[in-house]
Every structure is written in structure tokens, then in C-alpha cells.
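Here is a friendly walk through one protein model. Have a look at the fold first, and then we can go through its sheet, its core and its rings together.

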Amino acid sequence: TFRLGIDPTGGTNPLASTVVWGQGAHIYNCYAQVPPAEATAQAGRVTVFLRSTTLWPFKHNDAYWDDVGLAPVY
């Protein structure tokens, strides 16, 4: 499961209660878009987290991210 998270306070702890996580996407063996996450900035900076989890631990359980971006929404 791939998931994007944003901490609108600029914090660095991905487990903090201030992190807003987007919907997870179950992506296997292909390239696909991960659903976006949206948050309103509460400070002069925000932090973006990329998360990948698996159901079963395999020797070559690789996860790749490409072309991640941050854009303002008005």
C-alpha cells in the first residue's frame, strides 16, 4: 500500500497526530498514481512523507517512487 502524508506544521515525525494521510493505493507490479493528500499549511513550511507497507515480507519487496510533487491549491 502506497500512501502520501503531509504535516502542515512542518514536523518531522511521520507518526505525529498532525500528519494528514491520503488514501492508500494497493499497487503491485506496475506503475500507478498514488492518491493525493491535501492539508492547509500551519507554518512557514510543510513536510511530505512517502509511505509503503506490505502484507508479507519477501526478500525482494521493493517500492519505488517517481515524480513526487507539491503544488498549492487555491
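Which residue in β2 is the bridge partner of I6? The bridge partner of I6 is V20.

This is a predicted model, in which local features need pLDDT of at least 70 and side-chain atom pairs count only at pLDDT 80 or more, while totals for chains, interfaces and linings use all residues. Residues are numbered from 1 along each chain as its sequence is written, and side-chain values use heavy atoms, with hydrogens and water left out.

**Confidence**

The predictor's confidence in each residue, pLDDT, runs from 0 to 100. The protein has a mean of 93, and 100% of its residues reach 70 or more. Among the elements, β2 has the highest mean pLDDT (98) and β3 the lowest (96).

**The sheet**

Strands here are DSSP runs of E with at least two residues, numbered from the N terminus. Three of them form an open sheet in the order β2-β1-β3, with antiparallel pairing. Both β2 and β3 are edge strands, each pairing on one side only. Two strands count as paired if DSSP finds at least two bridges between them, and β1 and β2 are joined by two bridges.

**The core**

A nonpolar core is a set of buried Ala, Val, Leu, Ile, Met, Phe, Trp, Tyr and Cys residues joined through side-chain atoms within 4.5 Å. As for burial, buried means under 20% relative accessible area, exposed over 50%, and partly exposed in between (1.4 Å probe, protein chains only). The largest nonpolar core has seven residues: F2, L4, I6, A25, I27, V34 and A37. Leaving aside residues up to four places away in sequence, A37 touches L4, I6, V20, W21 and G22, where contact means heavy atoms within 4.5 Å.

**The aromatic pairs**

Rings of Phe, Tyr and Trp (its six-membered ring) pair if their centres lie within 6.5 Å; planes under 30 degrees apart count as stacked, over 60 as edge-to-face and the rest as tilted. Searching the whole structure gives two such pairs.

In the pair of F2 and W65, the ring centres are 5.3 Å apart and the planes stand at 70°, so the arrangement is edge-to-face. F2 belongs to strand β1 (residues 2-7) and W65 to the segment after β3 (47-52), so this pair ties together parts that are 63 residues apart in sequence. F2 is buried, whereas W65 is partly exposed.

The rings of W21 and F49 have centres 6.3 Å apart and planes at 35°, so they count as tilted. This pair also links distant parts of the chain, with W21 in strand β2 (residues 20-21) and F49 in strand β3, 28 residues apart.

| Residue | Relative accessible area | Class |
|---|---|---|
| F2 | 11% | buried |
| W65 | 29% | partly exposed |
| W21 | 26% | partly exposed |
| F49 | 11% | buried |

**Positive phi**

N29, in the loop between β2 and β3, has a phi near 60°, a positive value in a residue other than glycine. N29 is exposed, at 70% relative accessibility. D67 lies in the segment after β3, and its phi is also positive, near 60°. With a relative accessible area of 73%, D67 is exposed.

Note on methods:
Helix = DSSP H or I, 4+ residues; strand = E, 2+ residues; numbered from the N terminus.
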